[in-house]
Amino acid sequence: MLQKTKGYQVIKEWMQAKKQAPFNFQEETWHQILIGESGIVNAPTGCGKTFSVFLGVLIQYINQHPDNYQHTKNNRLQLIWVSPLRALAKDIGRAMEIALQELDIPWKVGIRNGDTSASERQKQKKLLPEILIITPESLQLMLAQKNYAEQLNILHFIAVDEWHELMGSKRGVQVELAISRLIGASINKLSIWGISATIGNLEEAKDVLIAPLGKKGCIVQAKMDKKINIESIIPEEIDTYPWAGHLGIKLVNRLIPIIEQSNTTLIFINTRGMSEVWYQSILTAAPQLAGAIALHHGSIEQELRLWVEDALHTQKLKAVVCTASLDLGVDFRPVDTVIQVGSPKGIARFLQRAGRSGHGPGEISKLYFLPTHSLELVEAAALKQAIKEEMVESKTPLILCFDVLIQYLCTLAIGEGFEPDIILKEIKSCYCFSEITDEEWMEVLLNITQGGVALNKYDEYHKVIIENGIFKIIDRKIAMRHRMHIGTIVSDAMLKVKFLGGGYIGVIEEYFISRLEPGDTFTLAGKNLELVMLKDMDVLVRKSSSKKSKIPSWNGGRMSLTANLGKMLRQTFNKALIDETEIEIKSLHTLFEVQQRLSAIPRNHQVLIEQIETKDGYHLLVYPFEGRQVHEAMSAVVAHRIGQILPISFSIAMNDYGFELLSDQPIPLDDSNLPEIFSTESLLLDIQKSINSAEMAKRKFRDIAVIGGLIFQGFPGEHKKSKHLQSSASLLFKVFEEYEPNNILLRQAYRELMEQQMEEERLRAALDRIFHAEILLRFPKQLTPLAFPITVDGLNRNSLSTEKLEDRVRKMQQQLDKN
């Protein structure tokens, strides 16, 4: 029994000395660890998930060495702690070291990631610490060492922190493969634990993580009611005709009292570009905060980010403007308030951010919601209801990522090599590859040994040779090239931004810089910078005193509404003009009245379609409330199907609530053809016809080809430009299309396009819902409050400058208000 063990008594006494006591879920985890079980720990942010696993490992160690646990040194590696973020590693390592010192256990904690110095890596190569905190990429690198099996064979535990973030990504697949190999290399029965926030498919998340063990495992859930206090900042005046982004900055003065009354505040902004704008706006509105407010996002140089994180710990900062870079579980106890600017687009993300405040057991999380346009107040009300109903999104695990598998096999091949039959069993034990066929496996092996069918005449693709049944890479150049990109999971090409006279500022995406001319001014890390020149992979700049500057936009800056939040949003519209007990719904009364008078307010069982004629042309507006990404695919399909009835061209715009097709001629849509327009029949074929699927798959293929090692990105400091990578990928894509159309990487590109970019499954479900819904077909005489933000989005896409766009929108609003 747990309570009677020496380890439990030691840990309990240590906690009592700190005036703490273990929670029930922590004791349950410790019990499961002691009986050799594996699984997932699920608890609200700030309630001790980390210590539930870490202290369980220590309890078992103390039980095994009851008389000399304080004197046994150099125990070799006992626990691998996989962390998705470098910032998390430092914080967790600090907490573990404090606990070990206070318990007088002579274990060492090491960190292995891209920031680890060469000297520290050499030390770890000779003797690994008892606990190694490591990123998925660095774990892959360890498997490329010649003696990795010998170093890792007495491992007892693997913990994967923030598993809900890793699952459903290719980094998560890297973790699955690494776990399968560590199980194969270990002489002990490994215990594997995931640490996860709440997600909709927790059982599946557990199954994916521990699949290589071939056991059921368990889920330990904390039955703790984490109180979240959400308050919306209601604008004094609500625009009847709102548009995206126009409102937020106008409310900056409403934030200042919140920041000043709080100990420390995190202000979450959805995009890096807008975080720069908000940082400057807060400083302009409250210059007294200079020195007490900081900016934190993924493109700011590491030293400055680490300073901000340390300053949060030591309460030197009053507020930090940040992006998702501070979403995850770094324990910033001084934070007592969180402000979310704009919709977080998902319930899980909202909960995660809310949990940054009151980050401790029993504490209340305080979150303010600041809308960037008035309709986002409906999302605030939907989020509140979703949290009450505990409706959190699921994460879909990836399957058959052949690019990651090819990279993994080459990693093993430059280490000790591998025997295909043994490795295949391990690979098939992973959830991602449980369905791999013998034919697909043979094609993967053919790919790494001979370049597959299409590339077998090129020696550079003959990477792996076979010696006595062992698959190895012995060519030093090939091995070095592969080491350069082990763990690579493709993101947008980044360039370093440096001052002419020296000094590193941060990184910025190549596609943004490519649109600037020398002399142009842009903002990064809170500084106005003038572009001087591009030199290799560096952007050389000088400080600028210019008042006007361009705000960098990063690809992926526009997040899309999740399915769960979309569902809650549709339900929340049921309350419009009927149930105004919630302040958010009540504040929109006038807007809803205008929408009802001009057209209709769609209820949960209805779908609104509006046809409006203006001087710009004929507008068809559809409101599925399914999120921007689904609307992008749906609008293309609907446009294609209408085009089959009558040859007609459209410009297309969309937001998270709906989409617009704009034409210079009447659009042939009425009750008679609505069913066929929104049918799920021939959907795949219509998607392929409505978009340039080959071109889009080509861009997907570029990333797959880089991960799979078909394209070498270059040595440090001489990376290929994005356009050169794309041209290399395009050439390979063309070769495969012509000479090897069933190539596994080509098939993967088309599959990822449908599943991830076009969200085919969700699109199908949305069309099916519309097909069976009550359709409200309306013909308003002017743009409606729901139509206005989508139409403005269309104007924005037609490259009007910000000033011109604001002038045009203001005139449109004045004209509509008169009517």
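In this predicted model, helix 19 has a face turned away from its buried side, and that face carries the exposed residues R476 and K477. The buried residues of helix 19, which spans residues 476-484, are I478, A479 and H482. Viewed down the helix axis, these buried residues fall within an arc of 100 degrees, so they line one face of helix 19. An α-helix has 3.6 residues a turn, so residues three or four places apart point the same way. Part of the cover over the buried residues of helix 19 comes from helix 16 (402-414). At the start of helix 19, the backbone nitrogen of K477 has a side-chain oxygen of D475 within 2.9 Å.

The cysteines come next. A disulfide requires two cysteine sulfur atoms within 2.5 Å, and by this rule the model has zero disulfides. C401 is in no disulfide: the nearest cysteine sulfur belongs to C432 and is 4.1 Å away. C401 is buried, with a relative accessible area of 3%. C322 has 0% relative accessibility and therefore counts as buried too, the limit being under 20%.

The aromatic rings give another view of the structure. A pair of aromatic rings is described by the distance of the centres and the angle of the planes. The model has 13 aromatic pairs. In one of them, the rings of F701 and F733 have centres 5.7 Å apart and planes at 65 degrees; because an angle over 60 degrees counts as edge-to-face, this pair is edge-to-face. F701 lies in helix 27 (residues 693-707) and F733 in helix 28 (residues 722-739), so the pair ties together parts that are 32 residues apart in sequence. Both F701 and F733 are buried.

F701 also pairs with F736. The centres of these two rings are 5.8 Å apart and their planes stand at 80 degrees, so the F701 and F736 pair is edge-to-face as well. This pair links distant parts of the chain, with F701 in helix 27 and F736 in helix 28, 35 residues apart. F736 is buried, as is F701.

Elsewhere, ring pairs join F573, F592, F625 and Y657 into a cluster. A ring can also have a charge over it: the charged end of K366 sits over the ring of Y368, at 4.8 Å from the ring centre.

How values were computed:
Residues are numbered from 1 along each chain as its sequence is written. This is a predicted model: local features need pLDDT of at least 70, side-chain atom pairs count only at pLDDT 80 or more; totals for chains, interfaces and linings use all residues. Side-chain values use heavy atoms; hydrogens and water are left out. Buried means under 20% relative accessible area, exposed over 50%, partly exposed in between (1.4 Å probe, protein chains only). Rings of Phe, Tyr and Trp (its six-membered ring) pair if their centres lie within 6.5 Å; planes under 30 degrees apart count as stacked, over 60 as edge-to-face and the rest as tilted. Helices (H or I, at least four residues) and strands (E, at least two) are DSSP runs, numbered from the N terminus. A charge sits over a ring if NZ of Lys or CZ of Arg is within 6 Å of the ring centre and within 35 degrees of the ring normal. The arc is that of the directions from the helix axis to the C-beta atoms. Contact means heavy atoms within 4.5 Å. A polar contact is a pair of N or O atoms within 3.5 Å; within protein, one must be able to donate a hydrogen and the other to accept it, and residues adjacent in sequence count only if both atoms are side-chain atoms.
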